Amino acid sequence: MDLNTLTALSPIDGRYRRHTATLAPYLSEFGLIKYRVWVEIEYFIALCEAEVPQLKNFDQSLFNQLRDIYKNFSEDDALKIKDTEKITNHDVKAVEYFIKEKFDAIGISEFKEYIHFGLTSQDINNTAIPLSLKHSLETVVLPLISSINAKIEEYAELWKDIPMLAKTHGQPASPTRLGKEFKVFSARVMKQLELLSAVPYSAKFGGATGNFNAHHVAYPYSDWVSFGNKFVKDYLGLERSHPTTQIEHYDNLAALFDGLKRINTILIDFSRDVWQYVSSNYFKQKIKAGEIGSSAMPHKVNPIDFENAEGNLGMANAIFEHLSAKLPISRLQRDLTDSTVLRNVSVPLAHTLIALKSLEKGLGKLELNEAALKADLDENWAVVAEAIQTILRREGYPKPYEALKDLTRTNEAITEKTIKSFIETLNVSEEVKAELRVITPYNYTGL
């Protein structure tokens, strides 16, 4: 079979490819190869600008031409590198040979041994991967999270005055407002986005075991630690970890994944609550012509967008959890387990993206059914008992909690009439009774 959206083993490259394709330029095999080329080119330029003696004569007007190698990187370029890899059996070395051929074509062959000079493959991988991850998050994922959170915030403002029966332990509780309940989620997500923004995108850069051994032996009087710090920060926009072994220790990457996992967990919580509101008929869903909710029951409009979001957020979190737990652990100065695991960074981000797209669609279909919220409040006058007994406590009324408990904890329906009749039996002043009479499930919503 040819590989396409029908034959792909994973739904992120099959059924949901239309949602995940925006991640491909960054986190696919093509993306990884491109970013490796990116780092190698910028490293060569940094060596030239650091005035390595043998590079003093390099024509720096060619820097833009060199940068075009990664800026104009094509699928054909990537396939060429993959063909070389079949011979070398080493992916980063194949990138080095590709760039050397580009140097030959430009006519600067005498400088090509300074491509990948003194480096190990992890100096390239541990800069290329965080750089591609940074770009994919900043360009694709985080803007969509912010957009969805803005929509939740918009609903919070729109419905800020809509009273709603609260449910604690699944049972009727002191009324709240629909907008405030949405505001809870937007505030939670916003806080986690703030925390996430504080996590640096860290990179390892320091030679075979992190000590710049090869650099130091070749140029013992150069400050290679300062060079590495400057290169990673100024040329790549990352933060260099120091000291390291052969690989990045991934502690900040684990923190990044944990931060994304927390945001996903909040959105799972949100998806389940909205699902419940739809189930309670608080929301109707806009009907799209031609759509079918059930193969057997023609009347159904299922909350599938929130269910899809919940499922994919769960998939993402399971993988984020493995990545954050596994990556910071490596035997001695390095083993290969980080490499094979890192190749799956795209998977939880893709599931997250699928979920976000579903949430975006689901939020766009919500239509408030205010009558259903009012009906629920009408049927639960018992919830004002808290208000009444609290005012009675203020007034020094004897055993007010117990009085309301006896009134409300029965199998009989507590109605407006029940509450109003009870108020009239109280041995309190007319002023207090007047205060109690105006309390209803619709206005007992707090601040």
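**Figure 1. Phe-212, in the loop that runs between strand S3 (202–203) and helix H9 (213–218).** This is a predicted model, as are the views that follow. Phi of Phe-212 comes out near 55°, a positive value in a residue that isn't glycine. Is Phe-212 buried or exposed? At 3% relative accessibility, Phe-212 counts as buried.

**Figure 2. Asn-89, in the loop between H5 and H6.** Here is another non-glycine residue with a positive phi, near 55°. Asn-89 has a relative accessibility of 70%, so it counts as exposed, the cut-off being over 50%.

**Figure 3. Helix H6, residues 91–106, and what covers it.** With 16 residues at 1.5 Å a residue, H6 should span 22 Å, and the 23 Å between its end C-alpha atoms agrees with that. Which residues of H6 are buried? They are Asp-91, Val-92, Ala-94, Val-95, Glu-96, Phe-98, Ile-99, Lys-100 and Phe-103. Their cover includes four helices: H3 (29–49), H4 (63–71), H5 (75–88) and H7 (121–158). After H6 comes Gly-107, with a positive phi near 95°.

**Figure 4. H4 against H6.** Two packed helices are described by the angle between their axes and the distance between the axes. For H4 and H6, the axes come within 12 Å and cross at roughly 140°. Only angles over 145 degrees count as roughly antiparallel, so this pair is oblique. The crossing of H4 past H6 is right-handed. On the H4 side the contact is made by Gln-65, Leu-66 and Ile-69, and on the H6 side by Phe-98, Lys-102, Phe-103 and Ile-106. Sorted by class, that gives five nonpolar residues, one polar and one charged.

**Figure 5. Helix H3 and its covered surface.** H3 has 21 residues and reaches 30 Å from first C-alpha to last, close to the 30 Å expected at 1.5 Å a residue. How many of its residues are buried? The count is 18 of 21, so H3 is mostly covered, with buried meaning under 20% relative accessible area. Just past the end of H3, Glu-51 takes a positive phi of about 60°.

**Figure 6. H3 packed on H4.** The axes of H3 and H4 come within 8 Å and cross at roughly 165°. That angle is over 145 degrees, so the two helices are roughly antiparallel. H3 passes H4 in a right-handed crossing. H3 brings Lys-34, Val-37, Trp-38, Ile-41, Glu-42, Phe-44, Ile-45, Cys-48 and Glu-49 to the contact, while H4 brings Phe-63, Leu-66, Arg-67, Ile-69 and Tyr-70. By class, the contact has 10 nonpolar and four charged residues, with no polar ones.

**Figure 7. H7 alongside helix H8, residues 178–197.** The axes of H7 and H8 come within 8 Å and cross at roughly 155°. H7 is therefore roughly antiparallel to H8. What is the handedness of the crossing? H7 passes H8 in a left-handed one. From H7, the residues in the contact are Leu-142, Ile-145, Ser-146, Asn-149, Ile-152, Glu-153, Tyr-155 and Ala-156. They meet Gly-179, Phe-182, Lys-183, Phe-185, Ser-186, Val-189, Met-190, Leu-193 and Leu-196 in H8. The class tally is 11 nonpolar, four polar and two charged.

**Figure 8. A closer look at Asn-149 of helix H7.** Asn-149 has a relative accessible area of 5%, so it is buried. Leaving out residues up to four places away in sequence, Asn-149 touches Phe-185, Ser-186, Val-189 and Met-190.

**Figure 9. Glu-248 and Pro-243, in the loop between S4 and H11.** The loop sits between strand S4 (239–240) and helix H11 (251–279). Where is the cis peptide bond? It runs from His-242 to Pro-243, with omega near -5°. Glu-248 is buried, with a relative accessible area of 4%. Beyond its neighbours up to four places away in sequence, Glu-248 touches Asn-126, Ser-202, Ala-203, Lys-204 and Ser-241. Phe-205 is 43 residues away along the chain, and its C-alpha is separated from that of Glu-248 by 8.1 Å.

Terms used
Residues numbered from 1 in each chain as written. Predicted model: local features only at pLDDT ≥ 70, side-chain atom pairs only at ≥ 80, totals over all residues. Heavy atoms only, no water. Expected span 1.5 Å × (residues − 1). Buried < 20%, exposed > 50% of the residue type's maximum accessible area, 1.4 Å probe, protein only. Contact = heavy atoms within 4.5 Å. Axes fitted to C-alpha atoms, helices over the stretch in contact; angles between N-to-C directions. Parallel < 35°, antiparallel > 145°, perpendicular 65-115°, else oblique. Left-handed = near helix turned anticlockwise from the far one by under 90°. Nonpolar A, V, L, I, M, F, W, Y, C, P; charged D, E, K, R; others polar.
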